Amino acid sequence: MSRDEAGVMAVRTLLWRRLDRPGHESARLVWHQPFWQLSGTAVWSHDGTVCRLEYAVACDAGWLTRHAWVTGWVGPRHVRVDLLALTDRRWRLDGRACPAVDGCPDVDLSFTPSTNLLPVRRLGLAVGEEAAVRAAWLSFPALTLAPLDQVYRRTGAATYQYRAGNDETAVELEIDPDGIVRRYPGLWQLEAG
């Protein structure tokens, strides 16, 4: 991990392995004052086809999502998605209003564990604290934007109980000191970074 002269994390590179199917993801978290930029590339197999999606998410210093984009391909289909959160938290998908997700502080890209970092860092929960949030969830493979209710409960120094949507089943995420998902049970394992 690289830190700037004030000791603030400046660059972090990551590599995850998928646990449920063949695939990997590499990502990079960079502080460009006054914004955080999270970018990466996920490559995996889905329903017999190969997928490659590249993404970038820009957040302000308080970890509110400002802009995100996804590009790549799902089998023969080319993908290009542009998400914008205006200062009043109204969202746009490819320039079109998305009132269903207005007010959401975070984007959640369904194909990556990296965006769990955003609410973990923004909320700053102490052990035993819990917070309900609503994310602007970009589904896969449809790549549509919808609200997703989530609950994060910090259960230990490096663990969070996570629930999403109507699913009452919680998973225990292992998180490192920077808020990066180390293990997402059944889905992702951090291999380097």
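Is C59 buried or exposed? Select C59 in this predicted model: the residue is buried, with a relative accessible area of 2%. Next, display the sulfur atoms of C59 and C104. C59 takes part in no disulfide, and the sulfur of C104, the nearest cysteine sulfur, lies 14 Å away. Since a disulfide requires two cysteine sulfur atoms within 2.5 Å, the count of disulfides comes to zero. C51 may be selected next; this cysteine is buried as well, with a relative accessible area of 0%.

**The nonpolar core**

Proceed to V57, V70, W91 and L145, which have the most contacts inside the largest nonpolar core, a set of 52 residues. In soluble globular proteins, nonpolar side chains tend to be buried together.

Centre the view on V57 and show its surroundings. Leaving aside residues up to four places away in sequence, V57 touches W36, Q37, L38, T65, H67, A68, V107, L109, T115 and L118.

**The largest pocket**

Finally, turn to the largest pocket, whose volume is about 540 Å³. Select S110, W137, Y162, Y184 and L187: of the 25 lining residues, these are the closest to the pocket centre. Next, highlight β4 (35–46), β10 (106–109) and β13 (159–164), the elements that each give two or more residues to the lining. β13 provides the largest share, three residues. Colouring the lining by class shows 13 nonpolar, six polar and six charged residues.

Definitions and conventions
Residues numbered from 1 in each chain as written. Predicted model: local features only at pLDDT ≥ 70, side-chain atom pairs only at ≥ 80, totals over all residues. Heavy atoms only, no water. Core = buried A, V, L, I, M, F, W, Y, C linked by side-chain atoms within 4.5 Å. Buried < 20%, exposed > 50% of the residue type's maximum accessible area, 1.4 Å probe, protein only. Contact = heavy atoms within 4.5 Å. 1 Å grid on protein atoms, 1.4 Å probe; cavity = no way out; pocket = protein on both sides within 12 Å on 5 of 7 lines; lining within 4 Å. Points joined across faces, edges and corners; volume = space filled by probe spheres on them. Helix = DSSP H or I, 4+ residues; strand = E, 2+ residues; numbered from the N terminus. Nonpolar A, V, L, I, M, F, W, Y, C, P; charged D, E, K, R; others polar.
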